[in-house]
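Please look over the sequence and the model first.

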Amino acid sequence: MKIGLLEDNTNIHEYLTTLLQMAGHSVFRHIDGMSLLDILFVDQSIQDPLPYDLLIIDLSLPGTLSGLSVINYIRQTIAPETLPIIVLSAASQSQLEQIYTRFPHVQVIQKPCPIKTLLRLIETSHVGDRP
């Protein structure tokens, strides 16, 4: 599976990339929201086919776009069944619950988490009918 990883912490990114690659996934790193959105939306239109099968997004990011803003932008144009999103963040439990309430199709997991939990979420979020 091709996974877009929006994570600004280099250590976390390297750790997740290694584990996800060992599980058979390809990981593409983005350290800020604009770089991810630039890949998904070329000239203001959605790439077809999408470059990723799934996104893993941290909420706390550098720059002007938070992870929440990125999710909001994506969900305005790309349906959950087309591009699943997992939020992986060290945000408080109440902040994560707000994300889940606002975006019920987004899987939410708090850092640190067991890698088995993340891998299970990835497998259950997989869109089976995508090429």
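The model is a predicted one.

**Helix 2**
- Helix 2 spans residues 33–40, and Gly-33, Leu-36, Leu-37 and Leu-40 are buried in it.
- Viewed down the helix axis, these buried residues fall within an arc of 95°, so they line one face of helix 2.
- An α-helix has 3.6 residues a turn, so residues three or four places apart point the same way.
- The cover over the buried residues of helix 2 includes strand 1 (2–6), strand 2 (26–30), strand 5 (54–57) and helix 3 (67–77).
- At the N-terminal end, helix 2 is capped by Asp-32, which has a side-chain oxygen 3.1 Å from the backbone nitrogen of Met-34.

**His-30**
- His-30 is part of strand 2.
- Its relative accessibility is 6%, so His-30 counts as buried, the cut-off being under 20%.
- The side chains of His-30 and Tyr-52 are joined by a polar contact of 2.7 Å.
- Leaving aside residues up to four places away in sequence, His-30 touches Leu-5, Leu-6, Glu-7, Ser-35, Leu-36, Ile-39 and Tyr-52.

**Strand 5 and its neighbours**
- Leu-54 and Ile-56 point one way from strand 5, while Leu-55 and Ile-57 point the other way; all are buried.
- Strand 1 and strand 5 run parallel and are joined by 4 bridges, and Leu-54 is the bridge partner of Ile-3.
- Strand 5 also pairs with strand 6 (residues 85–89) in the parallel sense, over 3 bridges, and Ile-86 is the bridge partner of Ile-56.
- A right-handed β-α-β unit is made by strand 5, helix 3 and strand 6.

Conventions: Residues are numbered from 1 along each chain as its sequence is written. This is a predicted model: local features need pLDDT of at least 70, side-chain atom pairs count only at pLDDT 80 or more; totals for chains, interfaces and linings use all residues. Side-chain values use heavy atoms; hydrogens and water are left out. Buried means under 20% relative accessible area, exposed over 50%, partly exposed in between (1.4 Å probe, protein chains only). Helices (H or I, at least four residues) and strands (E, at least two) are DSSP runs, numbered from the N terminus. The arc is that of the directions from the helix axis to the C-beta atoms. Contact means heavy atoms within 4.5 Å. A polar contact is a pair of N or O atoms within 3.5 Å; within protein, one must be able to donate a hydrogen and the other to accept it, and residues adjacent in sequence count only if both atoms are side-chain atoms. Two strands pair if DSSP finds at least two bridges between them. A crossover is right-handed if, with the strands pointing away from the viewer, the path from the first strand over the helix to the second runs clockwise.
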